[in-house]
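Subject: Structure for you, with notes

Hi,

Here is the structure I promised to pass on. My notes on what turned up in it follow below.

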Amino acid sequence: MTDVIQLLPDSVANQIAAGEVIQRPASVVKELVENAVDAGAKTINLVVVDAGRTMIQVIDDGCGMSETDARLAFERHATSKIRKADDLFDLHTMGFRGEALPSIAAVSQVELRTRQPNEELGIQLSLSGSRFVSQEPCSCPVGSSFKIENLFFNVPARRKFLKSNTTELNNIIAAFERIVLVYPDISFTMHSNDVELFNLKAGNLRQRIVDVFGKRLNQDLLPVDVKTSLGKIYGFVGKPESARKKNAQQYFFVNGRFMKHPYFHKAVQNAFERLVPAGEQVPYFIYFEVPSSDIDVNIHPTKTEIKFENEQAIWQILAAAVKESIGIFNDVPSIPFDTAGKPDIPVFVPGSTPPAMPKVEYNPQYNPFKTSPSGGQPRKAVNDWQQFYEGLQNRQTPATQPQLFDKGQPEAGSDAAAGSLIADASPVHYQYKGQYIMTAVKSGLMIIDQHRAHIRILYEQYLARQESRQWASQKLLFPEIIQLSKPELRTYVAIADELAAMGFELTSLGGDSYAVNAIPAGLDGVNPVTLVREMIEGAANSYGRLKDEINHSLALSLARNAAIPVGQVLGNDEMDNIVNGLFACQNVNYTPDGKAILSILKQQEIERLFG
């Protein structure tokens, strides 16, 4: 029998390793910019073309490389950052494995130009798919310039599965931000297709955060600073009012390295318990400085998962530090400098006649609960959403989901099916805890989530309006000012036409500031700034830039903002409108993002509960 085990060629081994280290263009950016930081650079320039598919270039003014080092840098496990295994537990650099450059060279065409300060000429190297192409002297500034072209040109399957340019560019920006937030003393620039996205000057940490995410964040940052025998924790957390439902900027860094740590994230969230609404999160930028021997970063190729030796103790220190910052912010007294027109507070004089007690007239027969249309707690102010349901009571309700009916019942979509779903022509609905609508049907008890049902109804209406371009604007009495971060600004520019067609009117005030002059009609009570921001965030999270995907994202964001809130008390007519409106939709079972809207408790299950 012949031997079947053999050593793989270096080019194949490099492509296999590259599959773990270089997953997308953002991986290349991360590795090259980190190498520039390790080289002691004070200025780093990043240039990408076509979101990194065509070209990625990183230029630095670091220490540069000699001719021999430049050749060795592309050999696997060749590194200047560690010498022995024990060095893995005392790391002071971003990279250390010696895998990044050979992995990049295995799946792209690389040109390196580098020169050391004591050399008059530099060296230029060219590689293609791990294969050495050329080497020659060149004239170049001190430092290094890596140009990566045609990424994954020899791995078509990997290139095929890259996302859209917008998605890949957002991933590059995310990787770039994770590095620039650690090194505020280094100047960074980033260009995409000859457009400058970032121009970050060297400065302090707070200024770097504001430069990256916009001036709006500056007023919401609370400093965190604590020193213990286990290390130092510093940075910033957001005020409770800066909490957002999604896309809050949340960053952990340890010894200058970005990390993901759900356990420490829980410590920050616990500090804000009862201060922010459920489901919302505050931004934070937390930096840990601990002895390098107390952490292990060599547990994942991306180096974002880090193991701490004193994890529980650091958790407690972090939670206490964040709570202290919030407490200091809440305890600052307000000084009433403006006292004009304020009533004088009389000084107490012993033995003086006390002032007469004020009398308040009231109606002892008044009962506030009698003014509530449902006889329960007083109604809360809501949007004027009933205008969307005019005439729905007189429409036939085609139930489009056959799984709602028992076997033997008429097919969904027929008039008989719609009539057989509701037990009574004019049913009486019941509301449970201001969240669920319950009504009797032939097969049992139907339970509907009123908030999700309203989202489905509004979503389909908004989507139809987008297709027909039948939106009306509602001018704001006073324009609202919104400041967009650089990622938000890029997304807004991409979807500005769609927002304008929906009835939004925004005017640029210069820089990252815009005035919101109008929003779609029928959204009374909605915060215009929050609405615009959520529309932008929803569009940014879409997987592509196809028009249909953008319309879906915008319609869903608008529906979420305009839908009746959880806990809203409804009268029977209002609940009837919800039910009828839901069964006029194309999909009655799920919201556009896949959450269940209704459930039916079968008659047999009810009888089984009662034995």
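Alanine 453 is buried, with a relative accessible area of 0% (buried means under 20%, exposed over 50% and partly exposed in between, using a 1.4 Å probe and protein chains only). This alanine 453 sits in helix α11; helices (H or I, at least four residues) and strands (E, at least two) are DSSP runs, numbered from the N terminus. With neighbours up to four places away in sequence left out, alanine 453 is in contact with Ile448, Ile578, Leu582 and Ile597, where contact means heavy atoms within 4.5 Å. Isoleucine 597 lies 144 residues from alanine 453 in sequence, yet their C-alpha atoms are 5.8 Å apart in space.

Before the rest, a word on the source: this is a predicted model, in which local features need pLDDT of at least 70 and side-chain atom pairs count only at pLDDT 80 or more, while totals for chains, interfaces and linings use all residues. Residues are numbered from 1 along each chain as its sequence is written, and side-chain values use heavy atoms, with hydrogens and water left out.

The overall picture

The chain has 16 helices and 22 strands. Of its 611 residues, 45% are buried. If you take the contacts between residues at least 6 apart in sequence, 69% join residues at least 24 apart.

The cores

A nonpolar core here is a set of buried Ala, Val, Leu, Ile, Met, Phe, Trp, Tyr and Cys residues joined through side-chain atoms within 4.5 Å. The largest one has 62 residues, and Phe74, Phe188 and Met190 have the most contacts inside it. A second, separate core has 32 residues, including Leu458, Leu476, Tyr492 and Ala562.

Methionine 190, beyond its neighbours within four places in sequence, touches a set of residues that includes Leu46, Val48, Leu169, Phe176 and Phe198. Phe74 also turns up among the contacts of valine 110, along with Ile104, Leu125, Leu127 and Ile148, again not counting residues up to four places away. Valine 110 belongs to strand β3 (residues 109–115) and is buried, at 4% relative accessible area. Glycine 129 is 19 residues from valine 110 in sequence and 8.5 Å away in space, C-alpha to C-alpha.

Aromatic pairs

How many aromatic pairs does a search of the whole structure find? There are 20, where rings of Phe, Tyr and Trp (its six-membered ring) pair if their centres lie within 6.5 Å, and planes under 30 degrees apart count as stacked, over 60 as edge-to-face and the rest as tilted.

One of them joins phenylalanine 176 and phenylalanine 188, edge-to-face, at 5.8 Å centre to centre with 90 degrees between the planes. The pair links distant parts of the chain, with phenylalanine 176 in helix α6 (residues 165–180) and phenylalanine 188 in strand β7 (residues 187–192), twelve residues apart. Both phenylalanine 176 and phenylalanine 188 are buried.

Phenylalanine 264 and phenylalanine 308 also pair edge-to-face, because their ring centres are 5.2 Å apart and their planes stand at 70 degrees. Here 44 residues separate phenylalanine 264, in helix α8 (residues 262–271), from phenylalanine 308, in strand β15 (residues 307–308). Phenylalanine 264 counts as buried at 0% relative accessibility, and phenylalanine 308 at 6%. There is also an aromatic cluster formed by Phe213, Tyr234, Tyr251, Phe253, Phe258, Phe285 and Tyr287.

The largest pocket

On a 1 Å grid over the protein atoms alone, a pocket is an open set of points with protein on both sides within 12 Å along at least five of seven lines, and lining residues have an atom within 4 Å of a point. Grid points are joined across faces, edges and corners, and a volume is the space filled by probe spheres set on the points. The largest pocket has a volume of about 1400 Å³. Its lining has 44 residues, and Lys245, Glu280, Thr530, Glu534 and Asn561 lie nearest its centre. Two or more lining residues come from each of α11 (450–468), α13 (528–540) and α14 (547–562), with α13 giving the largest share, six residues. The lining divides into 15 nonpolar, 13 polar and 16 charged residues (Ala, Val, Leu, Ile, Met, Phe, Trp, Tyr, Cys and Pro count as nonpolar, Asp, Glu, Lys and Arg as charged, and the others, Gly among them, as polar).

Best wishes

Notes:
On a 1 Å grid over the protein atoms alone, a cavity is a set of points where a 1.4 Å probe fits but cannot get out, and a pocket is an open set with protein on both sides within 12 Å along at least five of seven lines; lining residues have an atom within 4 Å of a point.
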